[in-house]
Structures are given as C-alpha cells and as structure tokens.
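Good morning, colleagues. I shall take the helix packing in turn and then turn to the rings.

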Amino acid sequence: MNASAKSSEADWTLQLTNEEKLTRLMSEYGDNIVQLAYLIVKDRGIAEDITQEVFLKAYRGLDQFRHQSSVKTWLYRIAINESRKYLRSWSFRQIFSTYLSKGEAPPEEVDTANVESAVIGRMSKVQVAEQVMKLSPLYRKVMVLHYYEDLSIREMAQVLDISEDAVRTQLSRARKHFKALCEKEGLEWT
C-alpha cells in the first residue's frame, strides 16, 4: 500500500464512527462481496446471507484492523472464509447431495458475470460463467479473484492466506482445468 493510500485510510479511520465506516464499506464493497460469495457458493440468497455475515464480522473487527493489507483484501478474506465455512456446513452437503441424487440441477444456475474479454476471447459471458462454476471450489476461487475481481497475485495471496507461488500454481492449474472444460464442451477458448 503506498503512502498516500495509508494516509487517506488513516484519516478515514480517525474521522468516522464505526457505523459510518460500516456504511461506507457496505456501499463501496457490498456488491463485490455478494458476487464473490455467489461465485463460490452458487446461490444468490446464501451469498447475500454470507455478505451480511462478512460485514457483521468486519464491523466487530474494525478496531482490530491493523492496515497490513487494504480494506478490500481484508473483506475478501472474510468473504472467502465465510463461503468456505458454508461449503463445509452440514446444510450445504445435505441440500447439494439431494439434488445430485435426484439428477436435478442445483438451484439458481449462473446468470451473468463480469469477465475480462481479453482473457476469454469469443466466448460469451454466460458461457464463461457456466464453465467457471463447474470448476472445483479451489480453482473457482482463484479464477474469480483474478479475473472477476482483478486482484493481483500479491493481493490474492493475502486474501487466501497462502504464498504468492501457491497462488501462481493454483491459478495455472485452474486455467488448465478451465481450458479442458471448455474443450470438452466444444467451446473455443484463446
């Protein structure tokens, strides 16, 4: 984080009450957090619940935030942890296994997503989102953070609490799996 960003963030923390800080965080990052959670858990309602939990935890931890990373990275880290917690939960495993046993598609398939056209080439955003959602949670997470949220390798490492080399490895593997999925579906990828 550069000096001017630290200075403005420090001024921000001194001048506002925690409620005002939370309001600003929610307006600035709310939609991004919902989208990130949605791309991990694949359900809009649950993503919104996770987002509420993210901001509740952020509010409780505002005084302990040490500014070793940006606020955005901190919130993304909380969102990913909460999404992981949901995916490990009993209710998710029960609901998901019910759909699989009936041969039905899971609820609320992917609608639209923001994707860098330079990376994907001629595929439509819906096709890209469908293929990303088919990736395992590990690979889906790194693809979402890198391509949808435009985080750098360093920021991703902070969010995921892993080394930058591990991020590069996961991203490389995610790209290979994504490419294989696209080829399997007969979709052209550049």
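Helix H3 (residues 44–61) packs with helix H4 (residues 71–88) at an angle of about 130 degrees, and their axes lie 9 Å apart. Helices here are DSSP runs of H or I with at least four residues, numbered from the N terminus. Axes are lines fitted to C-alpha atoms over the stretch in contact, and angles run from 0 to 180 degrees between N-to-C directions. H3 and H4 are therefore oblique to each other; angles under 35 degrees count as roughly parallel, over 145 as roughly antiparallel, 65 to 115 as roughly perpendicular and the rest as oblique. Their crossing, that of H3 and H4, is right-handed: the near helix is turned clockwise from the far one by less than a right angle.

Which residues of H3 and H4 make the contact? H3 contributes Ile46, Ile50, Glu53, Val54, Phe55, Lys57, Ala58 and Gly61, while H4 contributes Trp74, Leu75, Ile78, Ala79, Glu82, Ser83, Lys85 and Tyr86. Contact means heavy atoms within 4.5 Å. By class, the contact of H3 with H4 comprises ten nonpolar, two polar and four charged residues. Ala, Val, Leu, Ile, Met, Phe, Trp, Tyr, Cys and Pro count as nonpolar, Asp, Glu, Lys and Arg as charged, and the others, Gly among them, as polar.

A word on conventions: this is a predicted model, in which local features need pLDDT of at least 70 and side-chain atom pairs count only at pLDDT 80 or more, whereas totals for chains, interfaces and linings use all residues. Residues are numbered from 1 along each chain as its sequence is written, and side-chain values use heavy atoms, with hydrogens and water left out.

The next pair is H2 (residues 18–41) and H8 (residues 137–148), at about 150 degrees with axes 9 Å apart. H2 and H8 are therefore roughly antiparallel, and their crossing is right-handed. From H2, Gln35, Leu36, Leu39 and Ile40 meet Arg140, Lys141, Val144, Leu145 and Tyr148 of H8. Six of the residues in the contact of H2 with H8 are nonpolar, one is polar and two are charged.

Finally, H9 (residues 153–160) and H10 (residues 164–184) pack at about 100 degrees, with axes 8 Å apart. H9 is therefore roughly perpendicular to H10.

As to the rings, the charged end of Arg44 sits over the ring of Tyr38, 5.2 Å from its centre; the criterion is NZ of Lys or CZ of Arg within 6 Å of the ring centre and within 35 degrees of the ring normal.

Terms used:
Helices (H or I, at least four residues) and strands (E, at least two) are DSSP runs, numbered from the N terminus.
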